[in-house]
Amino acid sequence: MAIGIAILDCDLLLHGRGHKTLDRFDLDSVSDHFLLTTFGFPREFILYLVELLREVLCRRTQRSRAISPEVQVLAALGFYTSGSFQTSMGDAIGISQASMSRCVTNVTRALVEKAPEFITLNRDPSSRDQSIEEFQRVAEVPGVLGVLDCVQVAIKAPNSEDSAYVNKKGFHSISCQLVCDARGLLLSAETHWPGGLKDTEVLERSHVYKTLQGTEEGWLLGDLRYPLKKWLMTPVTCPESPAEVQYNLAHSATHEIVDRTFRAIQTRFRCLDSCKGYLQYSPEKSSDILLACCVLHNASLQSGLDAWTLERTDPLEQPDTLEQRPEDRDPEAEARRKELILNHFTS
């Protein structure tokens, strides 16, 4: 029991009694280079993040020896961008590994609470029209509201050994359905799906599906894993004309934005990169960490940082082709895609 108490209260042993906050790390005392290389973000963004989350973090740590919001944010950023609770990271800001873990939990929950403020499909008409114009400048595909994809993030096997989290590649994961605009800003990030679900199943259960069902003004772009819908334009499976070939090329060039965006997110937030291993948490907490990183991605982009500065250049994985049954065909969607091709991709 004595050992357990010592571990739980190691901060007290290290720093003594009487502190109302554990302000062990002074942001003003270190260089911009140190902050960027150690925590993945420039000083201005870190300060902005501290103020954004200060109230929530103070509320969550109303104890006599609470860790300051500054230290909590740095601890979480250190984990998100390195993917580990290494002792050296805790040493850099003067807290124990156990405190690092608590800080990550607090900041993750705070960011998840902020998600609706930073990630939303409901944009005002001027923002939507600007986004459509930006997409059209990419490869001349008109009417694009966003690009859709479903990605996998590796997690440890749940205690229940739930097979629902085993994906088609044989490892445990959570599925995340993303929609982003032409700049890489996330419009939707649904991170809580078991990795064993097919992408079409995730789509049909998602908020995006419910929201866009009746949309007549524009569409999302999805790859061949998805069914053709009036609001979801997919490539032509077997193009037979130059116009269909040109449409497929333009579709691919535009849809690639969502793949680039997620590669950049994985590169910045290495806790999500399977090359570093898998998230050592339950599916629920892993989903929250993924969503927190998505919020940080949008917040940093809205603060002026480049969405793709850290993008990896891995080759794109070729999507599976959806085997569509005749009864699942949507004649209205087919007619809409034909009209799109006829009006914009015929010489």
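The expected span of a helix is 1.5 Å times one less than its number of residues. The model used throughout is a predicted one. Its secondary structure comes to 13 helices and five strands, and 52% of its 347 residues count as buried.

**Exercise 1. Length and burial of helix 5**

Task: Determine which span helix 5 should have at 1.5 Å a residue, and compare this value with the distance between its end C-alpha atoms. Then state how many of its residues are buried.

Solution: 
1. Helix 5 covers residues 69–82.
2. With 14 residues at 1.5 Å a residue, helix 5 should span 20 Å.
3. The end C-alpha atoms of helix 5 are 20 Å apart, which agrees with the expectation.
4. As to burial, helix 5 is mostly covered, since 13 of its 14 residues are buried.
5. After helix 5 comes glycine 83, with a positive phi near 80 degrees.

**Exercise 2. Serine 82**

Task: Is serine 82 buried or exposed, and which backbone oxygen does its side chain reach?

Solution: 
1. Serine 82 is located in helix 5.
2. Buried means a relative accessible area under 20%.
3. The relative accessibility of serine 82 is 15%, and therefore this residue counts as buried.
4. The side chain of serine 82 reaches the backbone oxygen of glycine 78, at 2.6 Å.

**Exercise 3. Two neighbours of helix 5**

Task: Describe how helix 5 is placed relative to helix 3 and relative to helix 12.

Solution: 
1. Two packed helices are described by the angle between their axes and the distance between the axes.
2. The axes of helix 3 (residues 32–39) and helix 5 come within 8 Å and cross at roughly 55 degrees. Helix 3 is therefore oblique to helix 5.
3. On the side of helix 3, Leu35, Thr38 and Phe39 take part in this meeting; on the side of helix 5, Leu74, Leu77, Gly78 and Thr81 do.
4. For helix 5 and helix 12 (residues 283–302), the axes come within 11 Å and cross at roughly 100 degrees. This makes helix 5 roughly perpendicular to helix 12.
5. Here Leu77, Phe79 and Tyr80 of helix 5 meet Ile289, Ala292, Cys293 and Leu296 of helix 12.

**Exercise 4. The faces of helix 3**

Task: Which residues of helix 3 are buried, and why do they line one face?

Solution: 
1. Leu35, Thr38 and Phe39 are the buried residues of helix 3.
2. Seen down the axis of helix 3, these buried residues fall within an arc of 85 degrees, so they line one face of the helix.
3. An α-helix has 3.6 residues a turn, so residues three or four places apart point the same way.
4. His33 and Thr37 are exposed on the other side of helix 3.
5. Just after helix 3, glycine 40 has a positive phi of about 85 degrees.

**Exercise 5. Helix 8 and its partners**

Task: Identify the buried side of helix 8 and state what its buried residues pack against.

Solution: 
1. Helix 8 (residues 125–139) has 15 residues; from first C-alpha to last it reaches 22 Å, close to the 21 Å expected.
2. Ser131, Ile132, Glu134, Phe135 and Ala139 are buried in helix 8. They lie on the same side of helix 8 because they cover an arc of only 165 degrees around the axis.
3. These buried residues pack against strand 1 (144–154), strand 2 (173–180) and helix 11 (242–268).
4. The face of helix 8 turned away from the buried side carries Pro125, Ser126 and Arg137, which are exposed.

Note on methods. Residues numbered from 1 in each chain as written. Predicted model: local features only at pLDDT ≥ 70, side-chain atom pairs only at ≥ 80, totals over all residues. Heavy atoms only, no water. Helix = DSSP H or I, 4+ residues; strand = E, 2+ residues; numbered from the N terminus. Buried < 20%, exposed > 50% of the residue type's maximum accessible area, 1.4 Å probe, protein only. Polar contact = N/O pair within 3.5 Å; in protein donor to acceptor, adjacent residues only side chain to side chain. Arc of directions from axis to C-beta. Contact = heavy atoms within 4.5 Å. Axes fitted to C-alpha atoms, helices over the stretch in contact; angles between N-to-C directions. Parallel < 35°, antiparallel > 145°, perpendicular 65-115°, else oblique.
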